[in-house]
Structures are given as structure tokens and as C-alpha cells.
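My entries follow the display.

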Amino acid sequence: MKVTCRGQTVMIIIVIMQTSAPLYLDPSLTTALADTVCQQELLHTLVTALGSPLNVVLPDQAVANAQQFYGLLDRLRLRGEVYFAHKANRSTAFLRRLAASKTRIDIASIGELQHALGCGFHPERIMATGPKTPEFLWLAARAGAIVNVDSLDELSTLAKLPAYLGPTRVLLRFSSFTASGTVAARTSRFGMAETDLGACLDVADAFRDRLDIRGVAYHLDTVGVTEKAAALDGCIRMLLEIQRRSHNADVIDIGGGFGVNYLEDSQQWDNWTSELTQAVLGHRDPITWRGHGYGLRAEQGRLKGALSLYPAHRPVAGPRYAEELLVQRSPSLGQRYSDILLETLTQVYMEPGRALVDQAGLVLTRVLEVRQTAGETLIRLDLNHSDVSLEEHGVVMDPMVIPRGGEQHGPGAGYLIGNLCLEADLISRRKIYFRSMPRPGDLLAFVNTAGYFMDFSADHALHQPIARTVALTGDRWTLDDQYWPMNRETEVA
Ligand SMILES: Cc1ncc(COP(=O)(O)O)c(C=O)c1O
């Protein structure tokens, strides 16, 4: 606005501190999970009986998700396999249910390997990835799992191990590729360089009785389709070289990282991120605890840094993302990857973790207290940040209120705090807006948290309990370790 001051006209910029219209981030919910959240009485009974926090998993949903990936392979007329990346969730019910389907499993520790074997996965269906100890390699080779090798050392160790039923099946994993107008990807701590292939094949040639090279894999720390396409180009090139050296290899493993769409509404996501920038710049009231910027900061009135959050609204995720990758056109070969893979009779392996347990679980907690502190509303919950590690993994998504007795209250907003005696124990540094404010005795449901957020980091800090897990099929539940899929065998594909 213009004002006159001692005869001079000066411009005054008034920054209007907007106060809050609610900034909802509604979770995307498909039928099975939506139906689960509607079973309010059952969820209250389960938490009363089994304590807070409580994890709920939907084993059938994991199988349905795997079928989507197999369906994609079928549509593209490709041979291949889907391996569930076990690290995304510890549940026994998931493993037993998947073991009773055609889905395979990717394990990344000796404990996960033992778990998979104990849940009914034949070693033929197990792939060992990740950082490996000598004991892990020994058990993988002895059992007969396929091993995704990350270094020349690992390959040499494996070459000296006695396998049980013949040579150990091996995939050689790479993360750095030469040629083909290479798109630079971030350095990964996993995988070898394409230039290591010759040395790997020298070892393989020398130990043909111990090593059965079945193909190649890549691991990239990116969600970028273009970078993955460049890796696929490299893998096709290397597979040809391996075959030229008379190894019976026909597999390309495109790994995991296909992603999940967490939010229902792209508008809400865009709105929240732009309000965050306004808040960081001081143009509106804070929407995060102590003005936390999720990677953004203000320097002399300008926005600096980069948003360090998972893209919570991802319209192309899961099998659709895998499809987008496979139908890319190879810059060096001029054809779609799916056509090249079909023509060369190459098998495609995929290792979805997060996407395989999309819509397949939730974490429940009791609301203990709602109080005002220094002008803020704090909602104290009976769980801590390691029981639902959305914040640690950079995913922003609202919890849902499961009211006691179905009672609805007025709208409101507040910060969620946990049960640890620690300043830092915030379940979310984001202010959460509720259409119906939770009250003590209500439950909060953190939905769609089966992939990494449910139990990846859970521990016994302060002797707080780790959540029990229940497996739910419709309205029938069992404790996770009591779940057996016998009555579902008929549906096994
Ligand atoms: C070897 C391997 N496979 C599969 C995955 C699963 O990734 P996501 O859960 O993102 O699908 C990862 C993730 O780190 C991985 O390293």
C-alpha cells in the first residue's frame, strides 16, 4: 500500500500472516483397508486386549498386489518372477500367505533367510540380497537360494563355499554403468561397476562347478525412470556378454523401488507443500513444530535448500511405475525394453517391498491426552516415533480417528507426541488437522503403514513395548505368528 510520510510517498509491504485453513493430507484408501478402518468396535477391542501400539496386517492384500505385478509381466508377454522384499515388513503372516501363492521372496539378512525358510518358502523361491556376512552366504548357498552378489569379494567367497545341490545360482548386481549416453545416477553403496564384469566372469569361469551365473541386476538410489532405463540398457549389454562367455544366463533383475501413492488428492499435497514454503519464509503461521522446514530454509527472504520428503502423491506408482519403465524405448537399441526382453527370451525379476504391502496394514494407538502447551495443542499417544516411522521416512499423511463409541467432535489441529521421555519424540513434526478432533480414549489409525513404517525401526527404548501384530482377513483375526494360510490354499495360483 502507499502512504504519505512527511510529504514523501513510501511503499509499505504488508505481509499478511495468514492463519490456518485446515491442511488435510488424506490417505489414499482402497477397499480392504477402508473396510478395516470401518470395523471400529473390533479395532477398539483388539487394542484393549493386545495393547497399544498394535499393528494390523492384511495378508491377502499382499497377494493381490503381487498378482498385479505378475499381471504386468503377462500383459507384456514376459517371463519373470516377483520377489517380495522382506525388509519392508517383519510379519510372519505376510510371509506364510505369500509362501502359499506363487510369489517369491527377497531376503536381506540371515534372520530374514531363516524366517523365509520357516514360513514355507522353498529355497528355489528365495533370493539373498543386501549386505552379507560369511554365515549368511554359507546358509544361502547351503540351502540353495539364488544370491544377488554385490562385489568381487562376495563372489570369490561364494566360489569357495560348498553348495548343496549343485552350483550356487548367482545374479551379478551393478550400480554404475558405462556408455549409452549415460544418465548419471547417485553413487550407491551396493553393486559393482560395469567395468568389473570381466573380473567376475573370470572367477565364474574358474569355478563353474560352484557358481551358476544366471544373470544381472541393478541397484540405483533413485526413483528416476530415465536413470533406471540407462541401467537396464547396461544390463542388456552385460547379459549378452555373459552369454557370449558360455554361461547359461537369462535373467535381468530390475530390483524394487516402484513406490506407493500415499495420498488421495494431489491438490492437498500441492497445497500443503506450497503452504510449507510460505511458512518457512515467515509469510504465514507455522505448520510444523518449531518451524521445521523439511529441508527448506529461508536466507535473507529467499527460499533455500530442497524438500527432503517422499513424493507422497505419486499417481504413477507400483506396477504402473514398473510398466512405465519397461515400455521405455532404449536409446541405444531403438526398441522398447519389453520388446527387447521378449525377443531375447530374457526373464524379468522384480523385488517390490513397499509396493507389495501397499494398502496392506495399519498401526493403531490409543490417544492418551490432548492438552494446550505454550499456545499449541499437543496430542499424546501411546506409541513412539519408532513404532510408526513415517517421519523418519519422510512420508506425510494424516492418521484417521477411530472414535470411542463412534462419537464425532468438532474440527481442530495439533502436534502428535509420543510415549518416550524425549523432546524429540514427535510422531509428526507436521501440524495435523482433524475434521473431528481426537479425545482421550479414541484410537488413531496410521493407515497404509505396512511398508517400512510399521516395524522397521521398532525397539524397546525405555522398556516401552513393541507392538504386537495381528493378521486380519475380513473380520477374522489371529496373532501374527498364529496365522496359517491353510484355508486359502485353494486360491494359490
Ligand atoms: C535389493 C533391493 N530389492 C528391493 C528393494 C525394495 O525397495 P522398495 O521397498 O522401495 O520396493 C530394495 C530397497 O532398498 C533393495 O535394495
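**Notebook: aromatic rings**

I looked up two residues first, and found that W289 and Y415 are both buried. I note that the model is a predicted one.

I then examined how these two rings meet. The ring centres of W289 and Y415 are 5.2 Å apart and the planes stand at 70°; since an angle over 60 degrees counts as edge-to-face, I recorded the pair as edge-to-face. I located W289 in the loop between α10 and β12 (296–299), and Y415 in strand β18 (residues 412–417). The pair therefore ties together parts that are 126 residues apart in sequence.

I asked how many aromatic pairs there are by this rule. The count is nine. Among them I looked up Y262 and F453, a tilted pair with 5.7 Å from centre to centre and 50° between the planes. Y262 belongs to the loop between β11 (251–253) and α10 (266–280), while F453 belongs to the loop between β20 (443–447) and β21 (468–473). This pair thus ties together parts that are 191 residues apart in sequence.

Are Y262 and F453 buried or exposed? Y262 has 1% relative accessibility and therefore counts as buried, the limit being under 20%. F453 has 0% relative accessibility, so F453 counts as buried.

I also noted one aromatic cluster, formed by F69, F258 and Y321.

Lastly, I looked for charges over rings. The charged end of R96 sits over the ring of W484, at 3.5 Å from the ring centre. Over the ring of Y24 I found the charged end of R435, at 3.8 Å from the centre.

Technical notes
Residues numbered from 1 in each chain as written. Predicted model: local features only at pLDDT ≥ 70, side-chain atom pairs only at ≥ 80, totals over all residues. Heavy atoms only, no water. Phe/Tyr/Trp six-rings, centres within 6.5 Å; stacked < 30°, edge-to-face > 60°. Helix = DSSP H or I, 4+ residues; strand = E, 2+ residues; numbered from the N terminus. Buried < 20%, exposed > 50% of the residue type's maximum accessible area, 1.4 Å probe, protein only. Lys NZ or Arg CZ within 6 Å of the ring centre and 35° of its normal.
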